[in-house]
Amino acid sequence: MVSVSPALRRRLRRLFWVCVGLVALGAGALSWAVWAVDFPADRLAPQHTESQRLHDRHGRPLREALSDAEGRGAWRGLEAVSPWVPAAFVALEDRRFAAHPGVDWRGVARALRDNLRAGRVVAGGSTLTQQVVKLTLRPPRTLAGKLSEALWALRLERQASKAEILTQYINRVPFGHGAVGIEAAAQLYLGTPAHRLSLAQAALLAGIPRAPTLYNPLSHPEAARARQRSVLAQLLAVGLITAKQHADALAEPVGLVPPERAFEAPHFTTWALGQAAPRGDVATTLDLDLQAQVEADVQVVLRDLTDRRARQAAVVVLHNATGDVLAWQGSRDFFATPAGQVDMVVGLRQPGSTLKPFVYGLGLEEGLTATSALPDFPLFFPTALGDYRPRNYDLTYHGWVTLRTALASSYNVPAVWVAQRVGVGRLLHR
């Protein structure tokens, strides 16, 4: 039996209480750090993941623009998705999600053990809460960043419920091909809304975020199916599904859909997206049927004008009573480079002869008639920059001409003369 001197016992007792004090001090410091700072609420706002989805006047999709997270997404609460979705993610990513305070210390210890045994990083130990922190605050991938991530996860758990945290995760996690969140993924890969996902479909999608390129069901179907089987096995292991549900899900064809085609009405939707429209679903006035007819007509007209070297055309169809844009074609082919994306509907250029009907309209209101004689010979008009001497396109003059002839022939000199008579200010206002 080893005898311990009274002096050594006193030192050991003091060391014990020092350790207790340090632990208490550390716990107090951690508690203060968690409670002293709130998680930034603006980082949890749904609009950061919402893309803009443009529809025509009948509700048909035209185009979807990327969200602030550089993806396509539509925010959905837990009540608006299949119950298999949260079940699959919890079983796969964070079995103790309901029990831990944001950091699963048991999971951290297990990951540390596995990594030391393997001699490399084979497990991360991140909870779903920590993954929400990664997706919203994006801490650096360093040891300090990992510690910061854990601290923010504890803060997030203090402020948000488990259901709110899970909602954040399923709406922010990337699924590849620009799809962010479960709704975008369900629509992209399966052509169905998230609330209709079956167990088999939810398991397939839940397996993608860990490695979206590797488990992409469109480009790597076998790897995706293997991953799906792993998710289903996890669900069975934790008791969230029965053996029969497991077998039925394995036998169910998931029904992948081909990648979507290019967006519709490209010039119009490009313009519309530049108008600072709200996130989410945006109704427009465009008529997709009329748009398709206009696009076909442009091709026919340009084909007929090939011998005249016509290469481009633009059309905009408006409903005069309301100003609604019904069709909009800015060039022959938006996807042809480099000129295709030049939108001639809104391109700034001289109005030219487009002004002449307005000029003569004001002249008629002032008493001119279709047979009024107008001067078409060399004239000059004084301006602040000096005399202006208009010339006709054919570089000749035609003497006195009727208003009807001047308009039909698009002569410049008579039009300038009438514009001076009615007043440039009135013309611009009209």
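Let me start with a term: two residues are in contact when heavy atoms lie within 4.5 Å. Helices (H or I, at least four residues) and strands (E, at least two) are DSSP runs, numbered from the N terminus.

Hi everyone. What we have here is a predicted model, where local features need pLDDT of at least 70, side-chain atom pairs count only at pLDDT 80 or more, and totals for chains, interfaces and linings use all residues. Residues are numbered from 1 along each chain as its sequence is written, and side-chain values use heavy atoms, with hydrogens and water left out.

First, the overview. The protein chain has 16 helices and nine strands. Of its 430 residues, 40% are buried, meaning under 20% relative accessible area, with over 50% called exposed and anything in between partly exposed (1.4 Å probe, protein chains only). Among contacts with a separation of 6 or more, 64% join residues 24 or more positions apart.

Now to helix α13, residues 356-365. Its buried residues are K356, V359, Y360, L362 and G363. They sit on the same side of α13, because they cover an arc of only 155 degrees around the axis; that arc is taken from the directions from the helix axis to the C-beta atoms. What do the buried residues of α13 pack against? Their partners are β6 (373-376), α14 (403-409), α15 (412-422) and α16 (424-429). After α13 comes G367, with a positive phi near 115 degrees.

On to the rings. The structure holds seven aromatic pairs, where rings of Phe, Tyr and Trp (its six-membered ring) pair if their centres lie within 6.5 Å, and planes under 30 degrees apart count as stacked, over 60 as edge-to-face and the rest as tilted. One of them is F39 with W152, edge-to-face at 5.7 Å centre to centre and 90 degrees between the planes. This pair links distant parts of the chain, 113 residues apart: F39 is in the loop between α1 (6-36) and β1 (52-55), and W152 is in helix α5 (residues 143-159). F39 counts as buried because its relative accessibility is 3%, and W152 is buried at 19%.

W152 has another neighbour: the charged end of R155 sits over its ring, 4.4 Å from the centre. For that label, NZ of Lys or CZ of Arg must be within 6 Å of the ring centre and within 35 degrees of the ring normal.
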